[in-house]
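Q: I have a structure open and would like to learn how to read it. Could we go through some features one at a time?

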Amino acid sequence: MPYYHCSPIAGLTVLEPRKPKSFGKPPRVYMTTLLPMALMYAVQNYEYSYGYTKEGQIYFDEYFPNALEILYRGKSASLYLCAPENTESTKIPNEAVAESAVPVISETHIPDAYEALLEQERLGALVIYRYHELSERKLQWIRTTQADIIKKANLVNTPGPQADYYREHYPESWQIAEKEQT
């Protein structure tokens, strides 16, 4: 079965097991059978705000205003097609992992990940929920969840790129975390 793997790194001929920078996952080659899901990994980010409806439709929630455009516009990537011999399914729908290296069958250059994701939306393969369309209940959940992430990672007291990301994109969550840590 063919799988997709998307990366900001071009020219790979073999996908080596790697430990994701975030999420506390073990070193593996992470792949998916779903093109829109693969495209979301065109950028290396601290979070991926996608999910699945009860009907199995993949969607992307903009957790902050213009998140899709801010994160993906102008970012190029490589979409790799591979057919590993041994995979394990994960708890995430359409995701599989391999513990050992996986040879690449082909590479497709993605000049703009934002445009590629919008194309998936136009094709009906991806639903994008824009920030301004989210309910107040969903926005409150986002604020609370992001504040919990900030606290759990102790980002208020740990300067660096991840702290800068959360401070910039989730100012209300950052304030909640600051207040609760004092």
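Q: Which residues are buried in helix H5 (residues 161-169)?

A: This is a predicted model. In helix H5, the buried residues are Ala163, Tyr165, Tyr166 and His169. They span an arc of only 160° around the axis, so they sit on the same side of H5. The general idea is that an α-helix has 3.6 residues a turn, so residues three or four places apart point the same way.

Q: Which residues are exposed on the other side of H5?

A: Pro161 and Glu168 are exposed there. Here, exposed means over 50% relative accessible area, and buried means under 20%.

Q: What covers the buried residues of H5?

A: The cover includes H2, helix H4 (136-152) and helix H6 (171-181).

Q: Which residues of H6 are buried?

A: Ser173, Trp174 and Ala177 are buried in H6. Viewed down the helix axis, these buried residues lie within an arc of 100°, so they line one face of H6. They pack against H4 and H5.

Q: Now a strand. How many of the six residues of strand E6 (residues 77-82) are buried?

A: As a general idea, side chains in a regular strand alternate between the two faces of the sheet. In strand E6, five of the six residues are buried, so the strand is largely enclosed by the rest of the structure.

Q: Which strand is joined to E6 by five bridges?

A: That is strand E1 (residues 3-7), and the two run antiparallel. Within this pairing, serine 7 is opposite serine 78 of E6.

Q: How many bridges pair E6 with strand E9 (residues 102-110)?

A: There are six bridges between E6 and E9, again in the antiparallel sense. Here leucine 81 faces serine 106 of E9.

Q: How many cavities of 30 Å³ or more does the structure hold?

A: The general idea is to roll a probe the size of a water molecule over the atoms, which shows where empty space is left. This structure holds one cavity of 30 Å³ or more. The space in the largest cavity is about 50 Å³.

Q: Which helix gives the most to the lining of the largest cavity?

A: Helix H2 (residues 67-72) does, with three residues. The lining as a whole includes Asn45, Glu47, Phe60, Ala67, Leu71, Tyr72 and Tyr170.

Q: What is the make-up of that lining by class?

A: Eight of the lining residues are nonpolar, two are polar and one is charged.

Note on methods. Residues numbered from 1 in each chain as written. Predicted model: local features only at pLDDT ≥ 70, side-chain atom pairs only at ≥ 80, totals over all residues. Heavy atoms only, no water. 1 Å grid on protein atoms, 1.4 Å probe; cavity = no way out; pocket = protein on both sides within 12 Å on 5 of 7 lines; lining within 4 Å. Points joined across faces, edges and corners; volume = space filled by probe spheres on them. Helix = DSSP H or I, 4+ residues; strand = E, 2+ residues; numbered from the N terminus. Nonpolar A, V, L, I, M, F, W, Y, C, P; charged D, E, K, R; others polar. Buried < 20%, exposed > 50% of the residue type's maximum accessible area, 1.4 Å probe, protein only. Pairing = 2+ DSSP bridges. Arc of directions from axis to C-beta. Contact = heavy atoms within 4.5 Å.
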